[in-house]
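Dear colleague,

Here is the structure I said I would pass on. My notes follow it.

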Amino acid sequence: MSKQLMETAKKLCDTIMEDFGEILSTKWQYDAGLCLKGFEAVYKECGDKKYYDYIKNGMDYFVTEDGTIKTYNPEVRNIDHINNGKNLFYLYNETGEEKYKKAIELLASQFAIQPRTESGTFWHKQIYPNQVWLDGLFMGEPFAAQYAKEFNHTEKFDDVVNQFVNAERLTYEPRCGLYAHACDESKQAFWADKTTGRSLNVWGRSVGWFCMALVDALDFIPSEHNGYKTLIELFNKAISNVVKYQDNDGVWYQVMDNRRSDNYQESTCTCMFAYALEKAIRKRYIDNKIYKPYLDKAVKGILNVFIKEIDGKTYITQGCAVAGLGPEDNPRRNGTLDYYFSEPIRNNDFKGVGPFLILAAHYE
């Protein structure tokens, strides 16, 4: 199975390169960054330099010699824009080129100006006041933890841990043991429950972001730090409930705890959960005997349900293109089931491709 996964991963990379050309994206966007992290994993496993070159070309399009980043402006205060920086650590460690270090410092400077809620948790974006989204944990915190470790700012570990603790507390949904997409601490947003501040439903990908954020941040938090055990406990709590919603095919749904007829098996969250399970098992954050069967079932499910060959190319199908909440001038994005089931579905969404590629490179 691991050989089949890697062959599929290389075909996916080749399809992406053919479909998107020399540069994956000319926008500094988080999902392209995640996809390129997948290319990194495949390159390290198979050694084909075209995959490394694709990462470097993709980042060099943006990063200038003085470390500024084309199309990136920290003053926008959008935490999504941090995620691409994870690729810069890799390139800096590979090449030693100072421009990458300068660009990392530029991205890290955004944390100092990113607005925070009363609990000290980052707003997801300037345009979403007082709102904590699970997506934002993945965008910001593994980067912040890596920056703290590799650039010797160990005092920042405490804040990384607190971001997770606060977000988990704010979004936890007792009815199902999972997590709401977001919480408005001020309880003012039109989509927010007026008592809890939480959004209405459990969107699969947002829980996927949360699970991946935890296992990725743990790469950099020292085991002797008092927050290390806390993050492992949060992951165990989350994944023990996530696996309860895996279906008979081994995959998960767009809205996890709902089986309305227009709900659907969704590939990005499924790839994220499989990625998080594999990494947590490999790093011994969770019990191998308990969770390996769920991982194996998920891998089979991805291959059977989502991977399709179309005109000689390879695609991960059934990926939700986008889902969000608000802002105020976009009332359609209201967090209802009707909303989540109405967003477009597409093939080879980067938010599924990236986790799949990393999973494929490590799964045994």
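Contact here means heavy atoms within 4.5 Å. Please keep in mind that this is a predicted model.

Helix α9 covers residues 226-242. Its buried residues are G227, Y228, L231, I232, L234, F235, A238, I239, N241 and V242. These buried residues of α9 pack against α7 (157-171), β3 (178-179), α8 (204-217), α10 (267-282) and α11 (288-306). As a check on length, 17 residues at 1.5 Å a residue should span 24 Å, and the end C-alpha atoms of α9 are 25 Å apart, which agrees.

Helices α5 (residues 98-113) and α6 (residues 134-150) pack with their axes 11 Å apart, at an angle of about 120°. Their crossing is left-handed. From α5 the contact takes in I104, E105, L107, A108 and F111, and from α6 it takes in G140, E141, F143, A144 and Y147. By type, the residues of this contact are seven nonpolar, one polar and two charged.

On the aromatic side, there are 24 pairs in the structure. One of them, Y52 with Y90, is edge-to-face, at 6.2 Å centre to centre and 75° between the planes. This pair joins distant parts of the chain, with Y52 in α3 (residues 49-60) and Y90 in α4 (residues 85-95), 38 residues apart. Both Y52 and Y90 are buried.

Y291 and Y294 form a tilted pair, 6.2 Å centre to centre with 45° between the planes. They are three residues apart in helix α11, so about one helical turn separates them. Y291 is buried, at 8% relative accessible area, whereas Y294 is partly exposed, at 30%.

Finally, ring pairs link F89, Y92, F111, F122, F143, Y147 and F151 into a cluster.

Regards

Notes: Residues numbered from 1 in each chain as written. Predicted model: local features only at pLDDT ≥ 70, side-chain atom pairs only at ≥ 80, totals over all residues. Heavy atoms only, no water. Axes fitted to C-alpha atoms, helices over the stretch in contact; angles between N-to-C directions. Helix = DSSP H or I, 4+ residues; strand = E, 2+ residues; numbered from the N terminus. Left-handed = near helix turned anticlockwise from the far one by under 90°. Nonpolar A, V, L, I, M, F, W, Y, C, P; charged D, E, K, R; others polar. Expected span 1.5 Å × (residues − 1). Buried < 20%, exposed > 50% of the residue type's maximum accessible area, 1.4 Å probe, protein only. Phe/Tyr/Trp six-rings, centres within 6.5 Å; stacked < 30°, edge-to-face > 60°.
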